[in-house]
Amino acid sequence: MPLVPSYIETLRPYEPGRSIEEVKQKYGLTRVAKLASNENPLGPSPLAMEAISRNLDGLNYYPNGGLDLRERLADRFQLQISNVITGSGSDSIMSSIIRTFPCDDDEVLTTEAAFIGFQVLARSRGIAYRTVPYRNWHYDLPALASAITEKTKIIYLANPNNPTGTIFTRHEFDEFYRHVPDRVLIILDEAYFEYAQDARYPDSMHYRYDNVITLRTFSKIYGLAGLRIGYGFAHEDLIANLLKVKLPFEPGSLAQIGAMAALADREFVQRSLDLNAASLRTLRDSLPPLGLDVIPSDANFVMVPFETAAEANRVFEGLLQHGVIVRPLGAFGLPDCLRISTGTDDDTNMLLEALPRVCTKEEVCRN
Ligand SMILES: Cc1ncc(COP(=O)(O)O)c(C=O)c1O
């Protein structure tokens, strides 16, 4: 009898980007710019850090399962607490969704090369996982609508999308939604929604549909990726079922306290947005003259396609040697692309100094 089902046997585990310490040690470097995991380059929200340091003495008690943060979020977004869930990162809520809703014959439907965290979770359940190709690096929503079958149970849409950084508009979503049967759940993953500045970006608070689950996170703009804290909104029946399945007690107490303080840290959010806009602009302006394409992004990263996987890999390895960590996208299913997060001015400058030295195109290397 096999130890695990075949879909676990063949599953490739989620591989995080390289850590700063690992790269410093391997290449004997003192300074490393981590532009690999779409984290906040300004650090954590200062209000969150203060609140956490004031609340260390309650750690002997179990947390209350996110109740305080659920109340705070319900208040902030004018929802009932029964419409809100929190978890140890939006990944954890996604994991609960995957464990809660699909039956064995059901299918998950999404785009090719979707966010790797979702791919791994969905495949870990052993249900069919179907994809539709990108159209010009955007979700092809009409093709996704046509691909829905009677077996489709969950459609996963990230907006802005990771790894492409592209968005779909309110109009595009409305059009798509008309074709989705009520029995199909849509996960609207909005990990990067704060960064999306396009006026056509849909505010999912208008999508209080019974079959839409919105997921958001404190890992990105609030700078709390290390705490593991995320949240979701949905119809109360969906939330009630998710609450049956989620791990008892999560999220951790300090994660909850940090998140509540961060939610009020408007100054930090604005500073993070300003830095992101400046860094995105620099990437957009500086990479094309080096012969690199930049996919226009509404998030805190850009995707750069290369002609071949070997070229992408050479640039990735070359940048590591210069102390710049970016994200290769082979695991996502895009081996000829790299993803580069926005950073501080120093980080971005390190990247821009290193890139001409490692790019493989002759005319670039001469510079
Ligand atoms: C699209 C998307 N969804 C979810 C997550 C996971 O977020 P969290 O840290 O809240 O688990 C990420 C993290 O990179 C992401 O890019």
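User: Why is the contact between Glu107 and Arg130 called a salt bridge?

Analyst: In this predicted model, the side chains of Glu107 and Arg130 come to 2.9 Å, N to O. A salt bridge needs a side-chain nitrogen of Lys or Arg within 4 Å of a carboxyl oxygen of Asp or Glu, so the pair at 2.9 Å qualifies. The structure holds 13 salt bridges.

User: What makes Glu107 and Arg130 a pair that ties parts of the chain together?

Analyst: Glu107 belongs to strand β3 (residues 107-111) and Arg130 to strand β4 (residues 128-132), so the pair joins parts that are 23 residues apart in sequence.

User: How do you know whether Glu107 is buried or exposed?

Analyst: Its relative accessibility is 12%. Buried means under 20%, so Glu107 counts as buried. Arg130 has 27%; that value lies between the cut-offs of 20% and 50%, so Arg130 is partly exposed.

User: What makes Arg178 and Glu175 a salt bridge?

Analyst: The closest N and O atoms of Arg178 and Glu175 are 2.6 Å apart, and the limit is 4 Å, so this contact counts as a salt bridge.

User: Are Arg216 and Glu190 buried or exposed?

Analyst: Arg216 has a relative accessible area of 2%, and Glu190 also has 2%. Both values are under 20%, so both residues are buried.

User: What lines the largest pocket?

Analyst: The largest pocket holds about 530 Å³ of space. Of its 27 lining residues, the closest to the centre are Tyr14, Ser37, Asp91, Lys220 and Arg228. The lining divides into 12 nonpolar, eight polar and seven charged residues. Asp, Glu, Lys and Arg count as charged, so Asp91, Lys220 and Arg228 are charged.

User: Which helix gives the most to the lining of the second largest pocket?

Analyst: Helix α11 (residues 266-286) does, with six residues. This pocket has a volume of about 380 Å³.

Technical notes: Residues are numbered from 1 along each chain as its sequence is written. This is a predicted model: local features need pLDDT of at least 70, side-chain atom pairs count only at pLDDT 80 or more; totals for chains, interfaces and linings use all residues. Side-chain values use heavy atoms; hydrogens and water are left out. Helices (H or I, at least four residues) and strands (E, at least two) are DSSP runs, numbered from the N terminus. Buried means under 20% relative accessible area, exposed over 50%, partly exposed in between (1.4 Å probe, protein chains only). On a 1 Å grid over the protein atoms alone, a cavity is a set of points where a 1.4 Å probe fits but cannot get out, and a pocket is an open set with protein on both sides within 12 Å along at least five of seven lines; lining residues have an atom within 4 Å of a point. Grid points are joined across faces, edges and corners, and a volume is the space filled by probe spheres set on the points.
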